[in-house]
Amino acid sequence: MSFQKSLFIPLAAFLAMTIFLGFGFQLENAKVLPSALIDKPLPNFQLRDLQSGQMLRSADDLIGEVALVNVWGTWCPNCVIEHPQLLKISREQNIKIFGINYRDNNVEAKKWLKKYKDPYAFSVSDDEGTLAIDLGVYGAPETFIIDKSGFIRKRHVGPVNAKVWKEELKPVVDYLRGLEE
Amino acid sequence: MLFVFLVSRGTVLASIDAYPFPNKELTDRYEELISELRCPQCLNTNLAGSDAMIAQDLRREVHRMLIEGKTNEEVLDFMYYRYGDFVLYNPRFDLKTLALWLSPFLLFILSGFIWLKTVRTEKETLPWEEEDEKKFNEILESRSD
């Protein structure tokens with residue numbers, strides 16, 4: 001290699017680093033972790049139904065059709081923000097939304113649902129956050145799409161708004177429903 | 001001064017929930033695990049150093065698994081299965097982390113190669129022979145006048 005050519009080695013190395021790190025930082029996308037549970041079955045659980053406070057619910061109660069699973073809590077400000085959108089989806093989209101009431105006070109949670117209306121087919125009380133851990137949840141709100149066999153196909157971290165529903169979630173729901181026909 | 005020390009020490013200990021273990025070996029393993037697992041919510045703090053809700057829950061799970069007699073590897077698997085590479089400060093070797101693990105070695109080899117090249121080029125372009133010595137001396141003498 002001539003001396004002139006070798007002058008470009010640092011530049012080439014710099015460009016390689018820039019491209020590599022550029023991609024790397026894009027993947028991190030601030031706070032959104034890549035989910036380790038995509039395409040894995042919904043973890044099993046035994047948790048009390050929030051409304052009845054008695055009845056035990058398990059993963060089988062969620063499986064059967066394409067559905068949304070939403071992790072929420074009254075302590076979570078973004079859950080209030082996304083709530084109207086969830087109500088709209090449950091009203092207009094003919095899709096079940098199951099709630100996981102994450103690390104919450106049951107009495108407060110029921111009051112909250114009364115105040116803001118209840119979009120959930122039912123919610124379970126995950127008082128200790130064990131189901132949330134099994135789902136790889138690290139905050140709230142988080143929303144999962146499960147297919148009719150109970151496999152997790154999509155995860156969204158953060159509030160669901162009209163844009164997220166239209167661009168990220170609905171296409172997956174439509175696709176999964178298309179597979180069933 | 002002593003008071004400040006005691007108070008600050010108190011707050012440091014307060015952030016770590018006191019989980020009872022039957023023996024020192026388990027306590028040590030607990031400390032080791034929570035220091036080498038990253039809190040999923042807090043970008044760069046380990047489980048030991050975070051007060052986030054999820055960190056508290058995960059410490060509780062680590063404690064539970066150790067009491068149940070799980071090995072360190074099983075605890076790490078549990079976390080890895082749920083939170084992926086992110087939770088491990090010591091990432092696993094697989095296809096996704098290949099570049100991460102191999103790049104230091106590749107860079108080392110590459111830099112060695114560049115170094116060798118540079119040394120050789122220098123030798124080629126700067127031969128120091130008798131003629132140069134003569135010229136050099138001539139210049140020195142002409143300057144000293």
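H156(A) counts as buried because its relative accessibility is 8%, and the cut-off for buried is under 20%. The model described here is predicted.

**Surroundings of H156(A)**

- H156(A) belongs to strand 7 of chain A, which covers residues 152-157.
- The side chain of H156(A) makes a polar contact of 3.4 Å with the side chain of E168(A).
- A polar atom of the H156(A) side chain also lies 3.2 Å from the backbone oxygen of P159(A).
- Leaving aside residues up to four places away in sequence, H156(A) touches P141(A), E142(A), T143(A), V164(A), E168(A) and L169(A).

**Extent of the interface**

- The size of an interface is often given as the accessible area lost when the parts come together.
- Chain A and chain B bury about 1,900 Å² between them, and 63% of this is on carbon and sulfur atoms.
- Chain A gives 23 residues to the contact, and chain B gives 20 residues.

**Polar and charged pairs across the interface**

- There are 2 salt bridges between chain A and chain B.
- R82(B) and D134(A) form a salt bridge in which the closest N and O atoms are 2.8 Å apart.

**The chain A side**

- Helix 2 (9-28) and helix 5 (130-134) of chain A are the elements that each give two or more residues to the side touching chain B.
- Helix 5 of chain A supplies the largest share, 4 residues.
- By type, the chain A residues on this side are 13 nonpolar, 4 polar and 6 charged.

Definitions and conventions
Residues numbered from 1 in each chain as written. Chains lettered and ligands numbered in written order. Predicted model: local features only at pLDDT ≥ 70, side-chain atom pairs only at ≥ 80, totals over all residues. Heavy atoms only, no water. Contact = heavy atoms within 4.5 Å. Buried area = accessible area lost by both parts, 1.4 Å probe. Salt bridge = Lys/Arg side-chain N within 4 Å of Asp/Glu carboxyl O. Nonpolar A, V, L, I, M, F, W, Y, C, P; charged D, E, K, R; others polar. Buried < 20%, exposed > 50% of the residue type's maximum accessible area, 1.4 Å probe, protein only. Polar contact = N/O pair within 3.5 Å; in protein donor to acceptor, adjacent residues only side chain to side chain.
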